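Try each task before reading its solution.

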Amino acid sequence: MRKASAKPSDAKLTGLFLDMLAAEQGAGPNTLDAYRRDLTDFSEFLTRIGHSFTDAETQNLRDYLGDLDARGFKSSSVARRLSAMRHLFRFLLNERIRTEDPAAILSGPKRGRGLPKVLSISDVDRMLRRAKELSEAADASPSQRLRALRLYCLLEVLYATGLRVSELVSLPRSAAKRDARMIVVRGKGDKERLVPLNEASRQAMADYLAATEAAKTEKKGNLAASKWLFPSFGESGHLTRQHFARDLKELAVASGLQARLVSPHVLRHAFASHLLHNGADLRIVQTLLGHTDISTTQIYTHVVEERLKSLVRDLHPLAEK
């Protein structure tokens, strides 16, 4: 008699699901890590109640969402976990590992789409000036000056381009070639786009690159040999997102701003909002940010609306003075 094959484990199914996301949807490492964390937590909950991905029922999923709420998860986090479950069970259904989708009739928590935090132009200017001062400090050691030049370069490039932090820290060394007016950025799904550079960001990259080429001490090694613009001795070979975020918060405090209000993502929002406030077209900003869908960029519509109101108020011939 032929023995029935064992059901695949949750870990194996998670791996197959992530492989599909990477191969068919071009999901990047950060997206895959987020899915892995969410589904691992879900699997651990199911294991505690004697179930798995292959036999979980709709009520088990509801119980999990209730457990997340009891643990104090925000509605946005609960909605993200539910989205992960929906994608997983749709995959299991398509692969005929399951015959029904227990997540199909579930509804998520109601939540409004909050507006992104945005720094003012003067706030960004304060941070840029402070970063520039630190990079020019006469009493700084060579290593301190190199780190300060790197932070100033990162800040100038981020505010000039609006890159995602993962795109920024993984820029190749070739992005800083002399007189480059545009850089090629490899974004989500391995899609490439051209992003223009301003004079300040080009100069910051040139100064930083010159400093790395001069850094050949025993302690630092030859940083100029790296293929990355922002090299590191870590596993990835380049500066991590977390390291840059920490440095940015330290700079915020040194600039008289609250650290909790500043992050690489907030500066990306500032780039988009300040462009729109000064008259840029929403479609152009969509292209610069690398958004596939215009609806993602429309979180900035409030900026456009405020500018239109001010234009009518200030320029309409019959507007009240």
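**Exercise 1. Where in the chain is Arg164 placed, and is Arg164 buried or exposed?**

Step 1. Look between helix H6 (142-161) and helix H7 (165-169): Arg164 sits in the loop there. Helices (H or I, at least four residues) and strands (E, at least two) are DSSP runs, numbered from the N terminus. The model is predicted: local features need pLDDT of at least 70, side-chain atom pairs count only at pLDDT 80 or more, and totals for chains, interfaces and linings use all residues. Residues are numbered from 1 along each chain as its sequence is written, and side-chain values use heavy atoms, with hydrogens and water left out.

Step 2. Check the relative accessible area: at 12%, Arg164 is buried. Buried means under 20%, exposed over 50%, and partly exposed in between (1.4 Å probe, protein chains only).

Step 3. Turn to the record: for "active site", an unreviewed UniProt entry lists Arg164, Lys188, His265, Arg268, His291 and Tyr300. UniProt positions are in the numbering used here, feature names are shortened, and annotations may be inferred rather than shown by experiment.

**Exercise 2. Which residues does Arg268 touch?**

Step 1. Find Arg268 in helix H10 (residues 264-277); with 5% relative accessibility, Arg268 is buried.

Step 2. Leaving out residues up to four places away in sequence, Arg268 touches Gly162, Leu163, Arg164, Arg193, Leu289 and His291. Contact means heavy atoms within 4.5 Å.

Step 3. Zoom in on Gly162: its backbone oxygen is 2.6 Å from a polar atom of the Arg268 side chain.

**Exercise 3. Why are the buried residues of H11 on the same side of the helix?**

Step 1. In helix H11 (residues 282-289), the buried residues are Leu282, Val285, Gln286, Leu288 and Leu289.

Step 2. These residues are on the same side of H11 because they cover an arc of only 165 degrees around the axis. The arc is that of the directions from the helix axis to the C-beta atoms.

Step 3. Their packing partners are H6, strand S2 (192-196), H10 and helix H12 (294-297).

Step 4. After H11 comes Gly290, with a positive phi near 80 degrees.

**Exercise 4. How many residues has the largest nonpolar core?**

Step 1. This core has 42 residues, and Met127, Leu168, Leu171, Phe230 and Phe244 have the most contacts inside it. A nonpolar core is a set of buried Ala, Val, Leu, Ile, Met, Phe, Trp, Tyr and Cys residues joined through side-chain atoms within 4.5 Å.

Step 2. H6 gives the most to this core, with nine residues.

Note on methods: Polar contact = N/O pair within 3.5 Å; in protein donor to acceptor, adjacent residues only side chain to side chain.
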